[in-house]
Amino acid sequence: MALLIREEDVRRLLTMDDTLEVVEEVFRQQAQGQALNRSRTRFHIPGKGSMQLMSGAAFYGKVMGLKVDSAVRSGARFLVLQFSAVTGDVLSLVQADHLGGMRSGAASGVETKYMAREDAGTVAIIGSGGQAAARFRVLSFGEAVDRRGEEFGIEDLFPIGFYLHCVNDAHQT
C-alpha cells in the first residue's frame, strides 16, 4: 500500500538541513552515473491550463519517481509519485508544493556552497516567484536583493537575519 503524504505533513516533517543533504547526495550520485534527472516536459491547453512532468531515478536507492504539476485558473497542484525500481510498486504519493520549494532552495544552497566566493556578502535572487523564500532561507548572506520581494512573504525572512532591499529592475541591484 502506498504512503500518502499530505502538504501539511511535508511542512511539518521536512527540514532544510535534510533537504540540503539529500539534494547534494543526489547531485553527487548523478555526477557518478548513479542517478538521472530528465528535463521537464510541458504542454498547454489554450485558455484552460498547463501541465508539466519531471522524472528521475536514484539507482543507489532503488527508487524512481515522477513529479506532475498542473496549473489552471483556480491555482496549481503538485504531486510526486515514488516507485520501487525493483518491484515497480508505488511507494508514495506526496503533495509537493512545499517540497518543490524546499528542493529548489536546497539546489541553490548546494550551488552556492561550491560556486560562491568565500567573501561574498550580497546575493540577488531574480525571478524566483513563490520559491524565493526557500532560496533565501538556505543562504547566509548579509543582504538579499529581489525585484519582487513583497510577493513571497518577506515576514518569513526577517527571523533569519536578512536585510531585504526590493528593486523594480535587475540593473538596480
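Q: What share of the contacts with a separation of 6 or more comes from residues 24 or more positions apart?
A: Those residues account for 34% of them, where a contact means heavy atoms within 4.5 Å. Keep in mind that this is a predicted model: local features need pLDDT of at least 70, side-chain atom pairs count only at pLDDT 80 or more, and totals for chains, interfaces and linings use all residues. Residues are numbered from 1 along each chain as its sequence is written, and side-chain values use heavy atoms, with hydrogens and water left out.

Q: OK, how many helices and strands are there in the chain?
A: The chain has 4 helices and 9 strands. Both are DSSP runs numbered from the N terminus, helices being H or I with at least four residues and strands E with at least two. From the N terminus on, the order is β-α-α-β-β-β-β-β-α-β-α-β-β.

Q: And how much of the chain is buried?
A: Of its 173 residues, 31% count as buried. Buried means under 20% relative accessible area, exposed is over 50%, and partly exposed is in between (1.4 Å probe, protein chains only).

Q: Which residues of α3 are buried?
A: H98, G100, G101, M102, S104, G105, A106, A107, S108, G109 and V110. Helix α3 covers residues 97–115 and reaches 27 Å from its first C-alpha to its last, close to the 27 Å expected. That expected span is 1.5 Å times one less than the number of residues.

Q: Switching to charges: how many salt bridges does the structure hold?
A: It holds 5, counting a side-chain nitrogen of Lys or Arg within 4 Å of a carboxyl oxygen of Asp or Glu.

Q: What does E24 pair with?
A: One partner is R28, with the closest N and O atoms 3.4 Å apart. E24 and R28 sit 4 residues apart in helix α2 (residues 16–31), so about one helical turn separates them. E24 is buried at 14% relative accessibility, while R28 is partly exposed at 37%. K113 also meets E24 in a salt bridge, at 3.1 Å, N to O.

Q: Where are K113 and E24 in the chain?
A: K113 is in helix α3 and E24 in helix α2, 89 residues apart, so the pair links distant parts of the chain. Salt bridges with shared partners join E24, E25, R28 and K113 into one network. K113 itself is exposed, at 54% relative accessibility.

Q: What about D9 and R12?
A: Their side chains meet in a salt bridge at 3.0 Å, N to O. They are 3 residues apart in helix α1 (residues 7–13), about one helical turn, and R12 is exposed at 59%.
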